[in-house]
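Here is a short briefing for someone opening this structure for the first time. Look over the sequence and the model, then read on.

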Amino acid sequence: MNILKKRSASLIGAMVVLSIGALFLFIRRSSNIQFLKAPDVNLKKVYGTENVVPFLVLGSGPASLAAALYGARTRVRTVVLKGNQPGGQLTGTSYIENWPAIRKIRGVEVVKDFEEQAASFGAVMVSDSAKSVDLSSWPYKVVTEEGKELSALSLFIGTGATPKKLGVPGESEYWGNGVTTCAICDAPYHKGDTVIVIGGGDSAVEEALELSAYASEVRMLVRKDVLKASPTMSEHLAKCSNVKVVFNTSLLKINGLDGHVDSVDVINSETKKTEHWPEVKGVFLAIGHQPNTWLFKDQIKISSTGYIKLQGRRQLTSKPGVFAAGDVADYRYKQAGVAAGDGIKAGLDAMWWLSEIGYNTDIEEKLETSFFDPQLDNKFEITQVKSVGELNEIFKEVKNKLIILDFYTPFCPSCMHMMPVIQWVGTKLAKKVLFLKVDASIAFDLVKKYQVPQVPHFIVFKHGEIIDRSNEVLDREGLYSFAKSYLK
Ligand code: NDP
């Protein structure tokens, strides 16, 4: 919103600007901190630059949304690049019981409320990701997956962490076909099966609990003789009669049949005995996470284990004006609540830094025509189909286009990862392809009719007839080629 234009237009505008001024005064007074100053920081050199973002937030987990909330509440133009997994890891969690002041809430709900709260103060949410980041000169350059080149005056890194993989034979081959890191997405596809969960931490317990509602037996393979999970989570586990914890045991190999997991081989580290388990039809990994720092490699200080190094108890990285919080920087606590708290600290640090380099309402007014505005070109919305009847109506109306149905659930990180990808490909091929999305957790008649085995799942229709299907999680180029291959 263009607050500064309103100022000249009305008395209300004048009051708004006064309050902004007061806020800047507040941040200046509250700061009292010596920041690293980039040698080339000079706000005048930003005039005339395109796509300027005063506070650019990378990621949309709790750390990022908290930082964005504080940026936006200070009335500093804040843009959030939501990233490849909008909402972050919380979207793959079932219920959270340790979010302060709320007894029990779904991870997706926390993220939704958080995003709406930040947006209500003016944070601009963009379904795009950073593809490259250049911190060699200021303002910092961020190129997005959609090809936008942004100039960030201050930058927040909340890119989170990615679940680790084991690297055992069969893992890559059957990934998405019985091997996954997301029980909440795939548990319903294992009704009556025997499945294994690898790991002994809180994530592994969460996965096992989720699976216990569907599978006939869940075996948790723990490589040591103790659980790492917290006492509360272990108590939840003990109440589940169909979950069995198998200590001192590691997965050796995943075997498949017809492209899907069909059995596994395991080894006991004490006896060194191997066993073949032909009854296992699903493998769920929960062995920790790797911080997503590759975009910043050799540009800011990163620890040997891959976490962004911060200064003391602050959220300052080794680059002036670049801040970080959440799982990308937190090697110890890794809690959503801590990420949110640290995100708040980072948001405040960023506001103080902007104030320190002289960013104020006058500068904001001079820069406002240069601000990045995603609304200008982000108009494509994928239509949601809720029933077989609705889809049949669309088949009747849309005769000359390929139709691709994307089955997803809001709890599936891979599905959420694909949403911006679909939006991008859908826009590019809008004249020839119609993408439609189906929430598989609601539209049961469509799931049943088209025998959807798991999510994400794509079905390609030509003249109302199925011509292909895919379970693959594709990037932009992959989905673009996939869709185009049917246009020949
Ligand atoms: P953790 O690092 O806590 O646990 C990872 C588990 O995987 C450990 O048992 C570890 O074993 C095992 N592991 C690691 N590598 C391998 C391997 N190669 N083969 C077999 N097993 C392996 O990660 P989590 O993701 O579980 O949790 C991360 C953080 O998030 C924690 O702080 C946790 O408390 C928090 N969390 C909290 C939740 C909640 O409160 N509801 C839910 C989920 C997570 P070993 O012990 O031998 O290293």
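The points below cover disulfides, salt bridges, a charged patch and some backbone features.

This is a predicted model: local features need pLDDT of at least 70, side-chain atom pairs count only at pLDDT 80 or more, and totals for chains, interfaces and linings use all residues. Residues are numbered from 1 along each chain as its sequence is written, and side-chain values use heavy atoms, with hydrogens and water left out. A search of the whole structure finds two disulfides and ten salt bridges.

**Terms for place and exposure**

- Helices (H or I, at least four residues) and strands (E, at least two) are DSSP runs, numbered from the N terminus.
- Buried means under 20% relative accessible area, exposed means over 50%, and partly exposed lies in between (1.4 Å probe, protein chains only).

**Disulfides and cysteines**

- A disulfide is a pair of cysteine sulfur atoms within 2.5 Å.
- Cys-182 and Cys-185 are joined by a disulfide, with an S to S distance of 2.1 Å.
- The torsion about their S-S bond is about 75°, so this disulfide is right-handed.
- Cys-182 is buried at 7% relative accessibility, and Cys-185 is buried at 6%.
- Cys-412 is linked to Cys-415 by a disulfide, the sulfur atoms being 2.3 Å apart.
- The link of Cys-412 and Cys-415 is right-handed, with 85° about the S-S bond.
- Cys-412 has a relative accessible area of 1% and is buried; Cys-415, at 2%, counts as buried.
- Counting bonded cysteines along the chain, the disulfides follow the pattern 1-2, 3-4.
- Cys-240 counts as buried, at 18% relative accessibility.

**Salt bridges**

- A salt bridge is a side-chain nitrogen of Lys or Arg within 4 Å of a carboxyl oxygen of Asp or Glu.
- Glu-115 pairs with Lys-82 in a salt bridge, with the closest N and O atoms 3.0 Å apart.
- Glu-115 lies in helix α4 (residues 107-120) and Lys-82 in the loop between β2 (78-81) and β3 (95-96), so the pair ties together parts that are 33 residues apart in sequence.
- Both Glu-115 and Lys-82 are buried.
- Lys-112 forms a salt bridge with Glu-116, and the closest N and O atoms are 3.5 Å apart.
- Lys-112 and Glu-116 sit in helix α4, four residues apart, about one turn of the helix.
- Glu-116 is partly exposed, at 45% relative accessibility.
- Lys-281 bridges to Asp-262, with the closest N and O atoms 3.0 Å apart.
- Lys-281 is in strand β17 (residues 280-285) and Asp-262 in strand β15 (residues 260-268), so the pair ties together parts that are 19 residues apart in sequence.
- Lys-281 is partly exposed at 24%, and Asp-262 is partly exposed at 25%.

**A positive surface patch**

- Lys-164, Arg-223, Lys-224, Lys-228 and Lys-334 gather in a patch of positive charge on the surface.
- Patches are made of residues with over 30% relative accessible area and no salt bridge, with like charges joined within 9 Å and nonpolar side chains (Val, Leu, Ile, Met, Phe, Trp, Tyr) within 5 Å.
- Accessible areas come from the Shrake-Rupley method with a 1.4 Å probe.
- Lys and Arg count as positive and Asp and Glu as negative, while His and the chain ends are not counted.
- The place of a charge is taken as NZ of Lys, CZ of Arg, CG of Asp or CD of Glu.
- Arg-223 lies in the loop between β12 (217-221) and α7 (231-238), and is exposed at 65% relative accessibility.
- Lys-334 is found in the loop between β19 (322-324) and α8 (336-356), and is partly exposed at 43%.

**Backbone features**

- Lys-334 has a positive phi of about 50°, although it is not a glycine.
- His-463, also a residue other than glycine, has a positive phi near 50°.
- His-463 lies in the loop between β23 and β24 (465-470), and is exposed, with a relative accessible area of 66%.
- The peptide bond from Trp-138 to Pro-139 is cis, with omega near 0°.
- Pro-139 is in the loop between β6 (130-134) and β7 (140-144).
- Val-455 and Pro-456 are joined by a cis peptide bond, with omega about -5°.
- Pro-456 is in the loop between α12 (444-449) and β23 (457-462).
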